[in-house]
Amino acid sequence: MSRVRKIASKARRLNLKNLRVLHCCWEQFLLRHCLPSTVDEIHILFPDPWPKRRHHKRRSIKTAVIQAIANVLKPNGICRLLTDNREYFLWSEKLFHLSGYFEEKPLSLPSEYPESLFQKRFKERGILCYHALWTKKAA
């Protein structure tokens, strides 16, 4: 909850009128609050990898979530993933590919794409980050 407060506070300080901060399960947000084909981009930054096999069911990227992402993204909309966990990255790539809704695009993080706090910390420690960009197929 402290991150949510921090983001909301910074948004107020910067007078960001086009930002809304919600504290909720993002899967439920996609399913209950987003209309189909209305979202241009979804960014998944450093999700908890839940590395133990028995905890994989808690991962935020799973088949039902990918289906929800495909539902709310506009045709050719993008979904971007950034993580420091290679196994989770490969897991996510496989699920997006198997869904049939997305096409993976080559990606190099542009300099104007802001670094997250986690990304900065990992970079300082020399930890490699993995990133992918998928576009929703038009038809």
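The chat below covers aromatic rings in a predicted model.

User: How many aromatic pairs are there by the rule?
Analyst: Six. Rings of Phe, Tyr and Trp (its six-membered ring) pair if their centres lie within 6.5 Å; planes under 30 degrees apart are stacked, over 60 edge-to-face, and the rest tilted. Local features in this predicted model need pLDDT of at least 70 and side-chain atom pairs count only at pLDDT 80 or more, while totals for chains, interfaces and linings use all residues. Residues are numbered from 1 along each chain as its sequence is written, and side-chain values use heavy atoms, leaving out hydrogens and water.

User: Why is the pair Phe 96 and Phe 102 edge-to-face?
Analyst: Because the planes of Phe 96 and Phe 102 stand at 70°, with ring centres 5.0 Å apart.

User: Is Phe 96 buried or exposed?
Analyst: Phe 96 is buried, at a relative accessible area of 0%. Buried means under 20%, exposed over 50%, partly exposed in between (1.4 Å probe, protein chains only). Phe 102 is buried too, at 5%.

User: And Phe 118 with Phe 122, stacked or edge-to-face?
Analyst: Stacked, 6.4 Å centre to centre and 20° between the planes. Phe 118 is partly exposed at 28%, and Phe 122 is buried at 12%.

User: Different topic. What lies over the face of Trp 91?
Analyst: Arg 59, at 4.6 Å from the ring centre. A charge sits over a ring if NZ of Lys or CZ of Arg is within 6 Å of the ring centre and within 35 degrees of the ring normal.
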